Amino acid sequence: MLRALTRLLLGRRDVAQLELGLHGGTPHNADELLVRLRQLGLRRIMRCRLTRNRNVMVSFGAGELRVHEGYLSAPESVLRAIVVFVEGRSRAERRDAQRIIVAHPVRSPRPAARRERTHPGDVEFAAQLTAWHARYNARHFQSRLKPIEIRVSRRMKMRLGHYTAATTGGETAEIAISLAHLRKHGWQETLHTLLHEMVHQWQDETGHTIDHAATFRAKARAVGIAPYARRVLASRPGTADGFKTLGRRAARKG
Ligand SMILES: [Zn+2]
C-alpha cells in the first residue's frame, strides 16, 4: 500500500503528506529511500534504484539515482551527504559529502564474490609489475604509496586494468591488470596502465575521490601519463553514460 502510494505521489510534486508519515523512519526500499532523501533536500531526482555492485556507492544521471542497498540503513548524516553529492553547489561541499558516503561501511546480505587469482602462468608477469610499482612509487610518489597486491586477470577483457580500494569488511586494496591488454598492446602500454592505476591508489590513500576528475588529471600529467579514463579517446567527449558515480573502483578502458 505504502509502496503504491509512494509511486503514485512521487510522480507529482505533493509528497509532503507522505514525507510527514515517514519522517525519521528507516527506509526499506528504493521508493522510501527517495522520499527520505527528498525530505533532506533532494530535488533533481525522480527515480531511485537500489544496486548490489559493491564497487559503486552512489551514481546519478538523467533524473535517476542509484544507491547501493547498504545505504538503506545509513544514519541521517550519510543520507544528507548523498543529497549534497547530488545537489551540492561547490566542489568543497561535494568532496566532504563524498568522504562521508565512502566512509559508511556497506554491508550486503550477499557474500562477496571470490576474487580471481593470478593464474600460475602469469605469476612472473605479476612479479614484474610489482617491481615496477616499487620503481614508480619511488620516482613519482616519494615511495609513499603502500605496497599493494598486483593481480593479473585473464577474465578482464573490456578493461585494461583497475584499482579497487579496501573495504571495511577486510577485503584488501588491489591493482588488477588485464593479460589480454599486455598481449594486445605490449609492455609499455601495460606500464602506462599500471601508473594510471597507481594514480587512483594515490587518490585513495590521500583522501581524494577515486575518479577521473580534475585531481586525477593534474596528478596524471604530473607523473607523465595521459589524463584520461580511456586509452583511445572517443570522438565525442564526455562520460560514457552521463552518470556521475562515486565508487571504490576505477578502471582504465581500451
Ligand atoms: Zn582510471
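Tutor: Let's begin with a term. Two residues are in contact if their C-beta atoms, placed from the backbone, lie within 7 Å.

Student: Among contacts between residues at least 6 apart in sequence, what share join residues at least 24 apart?

Tutor: In this protein, 57% of them do.

Student: And where does the model come from?

Tutor: It is predicted: local features need pLDDT of at least 70, side-chain atom pairs count only at pLDDT 80 or more, and totals for chains, interfaces and linings use all residues. Residues are numbered from 1 along each chain, as its sequence is written.

Student: What's pLDDT?

Tutor: The predictor's confidence in each residue, from 0 to 100. The protein averages 85, and 84% of the residues score at least 70.

Student: How many helices and strands are there?

Tutor: Nine helices and eight strands. Both are DSSP runs, numbered from the N terminus: helices are H or I with at least four residues, strands are E with at least two.

Student: Where is confidence lowest, and where is it highest?

Tutor: Helix α1 (residues 2-10) is lowest, at a mean of 42. Helix α6 is highest, at 98.

Student: Which stretches stay under 50?

Tutor: Residues 1-21 do, and there the model has 20 contacts beyond four places in sequence. Residues 235-240 do too, with zero such contacts.

Student: New topic. What percentage of the residues is buried?

Tutor: Buried residues make up 31% of the 254 in the protein. A residue is buried if 20 or more other C-beta atoms lie within 10 Å of its own, exposed if 12 or fewer, and partly exposed in between; the C-beta atoms are placed from the backbone.

Student: Why is α3 called largely enclosed?

Tutor: Seven of the 10 residues of α3 (residues 30-39) are buried, so the rest of the structure largely encloses this helix. The buried ones are A30, D31, L33, L34, V35, R36 and L37.

Student: What comes just after α3?

Tutor: G41, which takes a positive phi of about 115 degrees.

Student: Which residues have a positive phi although they are not glycine?

Tutor: A62 is one of them, at about 50 degrees. S143 is another, at about 55 degrees.

Student: Where does A62 sit?

Tutor: In the loop between β2 (56-61) and β3 (64-68). A62 counts as exposed because it has 10 C-beta neighbours inside 10 Å.

Student: And S143, buried or exposed?

Tutor: S143 is exposed, with 10 other C-beta atoms within 10 Å. Its place is in the loop between α6 (123-141) and β4 (149-153). R144 lies in the loop between α6 and β4 as well. With 11 C-beta neighbours inside 10 Å, R144 counts as exposed.

Student: How far is R144 from W202?

Tutor: They are 58 residues apart in sequence and 8.7 Å apart in space, C-alpha to C-alpha.

Student: Now helix packing. At what angle do α6 and α8 pack?

Tutor: About 60 degrees, with the axes of α6 and α8 (residues 187-205) 10 Å apart. Axes are lines fitted to C-alpha atoms, for helices over the stretch in contact, and angles run from 0 to 180 degrees between N-to-C directions.

Student: What is that arrangement called?

Tutor: It makes α6 oblique to α8. Angles under 35 degrees count as roughly parallel, over 145 as roughly antiparallel, 65 to 115 as roughly perpendicular, and the rest as oblique.

Student: Which residues make the contact?

Tutor: From α6: L129, W132, H133, Y136 and F141. From α8: L191, L194, L195, M198 and W202.

Student: Can we zoom in on L195? Is it buried or exposed?

Tutor: L195 is buried, with 20 other C-beta atoms within 10 Å. Not counting residues up to four places away in sequence, L195 touches Y136, V223 and I225.

Student: How far apart are L195 and V223?

Tutor: In sequence, 28 residues; in space, 8.1 Å, C-alpha to C-alpha.

Student: Last one. How do α4 and α5 pack?

Tutor: α4 (residues 76-87) and α5 (residues 91-103) pack at about 140 degrees, with their axes 8 Å apart. They are therefore oblique to each other. Residues in that contact include S77, V78 and A81 of α4 and E93, R94 and A97 of α5.
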